[in-house]
Amino acid sequence: MAAPPAPARAAVLCGTGSFLPARRVSNDMLSATLDTSDEWIRTRTGIGARHFTDPGTTTSDLAAAAGARALADADPSGVDAVDAVVVATTTPDRPCPGTAPVVAAKLGLSGAAAFDVSAVCTGFVYGLATATGLIAAGAARRVLLVGAETYSSILDPTDRTTSVIFGDAAGAVVLRAGDPDEPGAVGPFDLGSDGDGVDLITVRGGGAEQRLSGRPAEPGERYFAMAGKQVFWQAVRHMAKSSRAVLDSAGWRVDEVDHLVGHQANIRILNRLADDIGVPRERSITNIAEVGNTSAASIPLALDQARAAGRLHTGDRLLLTAFGGGLTWGSTVLTWPNLAGDANRSTNPMTPPRSEESTR
């Protein structure tokens, strides 16, 4: 007689953490050097401030800080190590090697599998799918997933269309093997891409394409560039379609969604997305006003901040969705678990002691 199939292994959320650099840059501070204003930025993006790293601080530093908090949250005793470290980032420390092995080493996790995921603002959702696959395949029992960005390193300081939008941050989660029907189990997923839109969100210089072209990079090609108007409608359309698909796969009705956690790209995108899906705007979790668009870090940062603020409760149904360069998009769902670390957390554990606001 054939043996019964082994029970399915799910990836279950068991810890969160995040980290913001201390340097807060307000809209008024940017207005001192750019042809812009606080009103102009807020009206078009919903952003009032963002955080930038100081010289010498790297993406791996932010990732390790957030990762350490997530690990301590998942296991205050420090007994349960992770088998894999996955870092979603658009701004790696170096083009080669990946940032994840450096993060693992900084956390004392040398020997664990470690690699990067590159899907720009969709990176965290793609990372969740990847970590879930590692656990489902039995290749890992516990995974640390970090979204970390230092966008200040690739922004053109003279370009008001991009430099006012993005900020630096890191957010992290720990996932463990568990049962598909327990709170915190992640999935199903809906993922997609369209490479024909490669030029809509890009850094053109520095890669093999430019290096093998036989010409040096133009001055502006080393900076991040985005076709804002086209990206707006692409983002709304793909996140809405992906969200509906994953809700169908999960068997959830739209009115059963307690919290919509979209990639924090732009408040107008987030509001339009909620309206298109049919989720009341007040159920949308947003933190963009104070941190800006933090790309792959935005969803885990928003989750950790919402948790610290007391907005997430055991049993709440969450819809996560993102859109980014590639073009890429993806969505997933989970029911919020009862996290053991809640008893040990302060009211706002994600922000380190902050120095006075400094100039850029």
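## Pockets

A pocket is an open set of grid points with protein on both sides within 12 Å along at least five of seven lines, and its lining residues have an atom within 4 Å of a point. In this predicted model, the largest pocket is lined by 30 residues, and those nearest its centre are Thr90, Val203, Gly205, Gly206 and Gly207. Two or more lining residues come from each of β5 (113–117), β9 (201–202) and α7 (208–211), with α7 giving the largest share, four residues. The volume of the largest pocket is about 870 Å³, and its lining comprises eleven nonpolar, twelve polar and seven charged residues.

The second largest pocket has a volume of about 550 Å³. Its lining counts 26 residues, of which Ile165, Met226, Gly228, Lys229 and Asn266 are the closest to the centre. At least two lining residues each are supplied by α2 (38–45), α6 (160–163), α8, α9 and β12, and the largest share, six residues, belongs to α8. By class, this lining has 15 nonpolar, seven polar and four charged residues.

## Nonpolar cores

The largest nonpolar core contains 41 residues, among which Ile201, Leu319 and Phe323 touch the most other members. The elements giving two or more residues to this core are α1 (27–31), α8 (228–250), α9 (267–277), β12 (317–324) and β13 (328–335). Helix α8 gives the most, with eight residues.

Beyond its neighbours within four places in sequence, Ile201 is in contact with Val120, Phe224, Ala225, Met226, Val231, Phe323, Gly324, Gly325 and Leu327. Another core lies apart from the largest one; it has 31 residues, including Val125, Ile285, Ala306 and Leu320.

## Salt bridges

The structure holds 13 salt bridges. In one of them, Glu290 pairs with Arg24, with the closest N and O atoms 3.0 Å apart. This pair links distant parts of the chain, joining helix α10 (residues 288–291) to strand β2 (residues 23–26) across 266 residues. Glu290 is partly exposed because its relative accessibility is 37%, whereas Arg24, at 15%, counts as buried.

Arg317 and Glu256 also meet in a salt bridge, at 3.3 Å from N to O. Here β12 is linked to the loop between α8 and β11 (259–262), the two residues being 61 apart in the chain. Both partners are partly exposed, Arg317 at 26% and Glu256 at 23%. A further bridge joins Arg281 to Asp275, with the closest N and O atoms 2.6 Å apart. Arg281 is partly exposed at 43% relative accessibility, as is Asp275 at 40%. Shared partners join Arg253, Asp255, Glu256 and Arg317 into one network of salt bridges.

Note on methods: Residues are numbered from 1 along each chain as its sequence is written. This is a predicted model: local features need pLDDT of at least 70, side-chain atom pairs count only at pLDDT 80 or more; totals for chains, interfaces and linings use all residues. Side-chain values use heavy atoms; hydrogens and water are left out. A nonpolar core is a set of buried Ala, Val, Leu, Ile, Met, Phe, Trp, Tyr and Cys residues joined through side-chain atoms within 4.5 Å. Buried means under 20% relative accessible area, exposed over 50%, partly exposed in between (1.4 Å probe, protein chains only). Contact means heavy atoms within 4.5 Å. On a 1 Å grid over the protein atoms alone, a cavity is a set of points where a 1.4 Å probe fits but cannot get out, and a pocket is an open set with protein on both sides within 12 Å along at least five of seven lines; lining residues have an atom within 4 Å of a point. Grid points are joined across faces, edges and corners, and a volume is the space filled by probe spheres set on the points. Ala, Val, Leu, Ile, Met, Phe, Trp, Tyr, Cys and Pro count as nonpolar, Asp, Glu, Lys and Arg as charged, and the others, Gly among them, as polar. A salt bridge is a side-chain nitrogen of Lys or Arg within 4 Å of a carboxyl oxygen of Asp or Glu.
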